[in-house]
Amino acid sequence: MGSKNKLKRFKENETFENVFQPSREEVVGNDFPLLGKWNSDFFKNDNPIIIELGCGKGEYSVGLASIFPDKNFVGIDIKGARFWRGAKTAVDEEMRNVAFIRTQIELINHIFADGEVDEIWITFPDPQIKYKRTKHRMTNSEFLQLYKKILKPNGVVNLKTDSEFMHGYTLGLLHGEGHEILYANHNVYTNEGAPSEVTGIQTFYEKQYLEINKAITYIRFKIK
């Protein structure tokens, strides 16, 4: 994507009512105005809040919001030029139950209050295969405890990935730490019983993976 195109998208994001781009200082200082107030001040309802971490183009957030109009969705990514696509689609289609925020994943406890979130989706994250990158894996122990903080007591996490490494690493960690695995499958498109929202929404890159018969894995779990 050219720099001019990126700048154009950044500027257009600023005009979207469903996009928030707080500064790091604002977030870290707990000055983000929607902290603990997503239902009352933005969505203006009491519906469950589901967030997608590393939402990319926002395809999954928008797809879920379309399937579940009685739930609220927030896509989170540090790259605003990417989620511009999802934000624009939501604006064009007048979807009131989806928003996007540009921030770092490790700061989400400054974006959502304790117990404010019902469900988390992690879709096709960078597996960070090298050992020295373990701290950046989005299902490592530190991240799981961060997720637990903002999740409701019975909140769940969904991991959908094309990485066998990420799938295996996460399963091993969940078993080792005693978390509750609700569903796990190493190839959701060849096995029965996968939730419809897992197979019914496909990102741009996911479609490319499927064309070359690359397995898509999925885990649904609760953090203890």
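Q: Why does Phe 124 count as buried in this predicted model?
A: Buried means under 20% relative accessible area. Phe 124 has 19% relative accessibility, so Phe 124 counts as buried.

Q: What makes Tyr 209 partly exposed?
A: The class runs between the limits for buried, under 20%, and exposed, over 50%. Tyr 209 has 22% relative accessibility, so Tyr 209 counts as partly exposed.

Q: How do you know that Phe 124 and Tyr 209 form an aromatic pair, and why is the pair called tilted?
A: Ring centres must lie within 6.5 Å. Here they are 6.0 Å apart. Planes under 30 degrees apart count as stacked, over 60 as edge-to-face and the rest as tilted. The angle for Phe 124 and Tyr 209 is 45°, so the pair is tilted.

Q: What makes this a link between distant parts of the chain?
A: Phe 124 sits in the loop between strand S5 (117-123) and helix H6 (141-150). Tyr 209 belongs to helix H9 (residues 204-211).

Q: How many aromatic pairs does the structure hold?
A: There are 16 aromatic pairs.

Q: Why is the pair of Phe 83 and Phe 100 called stacked?
A: Planes under 30 degrees apart count as stacked. The centres of these two rings are 5.5 Å apart, and the planes meet at 20°, so Phe 83 and Phe 100 are stacked. Phe 83 is in helix H5 (residues 80-92) and Phe 100 is in strand S4 (residues 98-102), so the pair ties together parts 17 residues apart in sequence.

Q: Are Phe 83 and Phe 100 buried or exposed?
A: The limit for buried is under 20%. Phe 83 has a relative accessible area of 0%, so Phe 83 is buried. Phe 100 also has 0%, so Phe 100 is buried.

Q: What makes Lys 44 exposed?
A: Exposed means over 50% relative accessible area. Lys 44 has 63%, so Lys 44 is exposed. Lys 44 lies in the loop between helix H3 (38-43) and strand S2 (49-53). Its phi is positive, about 55°, although Lys 44 is not a glycine.

Q: Why is Glu 94 called exposed?
A: The relative accessible area of Glu 94 is 58%, so Glu 94 passes the 50% limit. Glu 94 lies in the loop between H5 and S4. Phi of Glu 94 is also positive, near 55°.

Q: Why do strand S1 (19-20) and strand S7 (180-185) stand at the edges of the sheet?
A: The open sheet of 8 strands has the order S1-S4-S3-S2-S5-S6-S8-S7. S1 and S7 each have a single partner strand, so one side of each has no neighbour in the sheet.

Q: How do you know that S7 pairs with strand S8 (residues 217-222)?
A: Pairing takes at least two bridges. S7 and S8 are joined by 5 bridges and run antiparallel. In S8, Phe 221 is the bridge partner of Ile 181.

Conventions:
Residues are numbered from 1 along each chain as its sequence is written. This is a predicted model: local features need pLDDT of at least 70, side-chain atom pairs count only at pLDDT 80 or more; totals for chains, interfaces and linings use all residues. Side-chain values use heavy atoms; hydrogens and water are left out. Helices (H or I, at least four residues) and strands (E, at least two) are DSSP runs, numbered from the N terminus. Buried means under 20% relative accessible area, exposed over 50%, partly exposed in between (1.4 Å probe, protein chains only).
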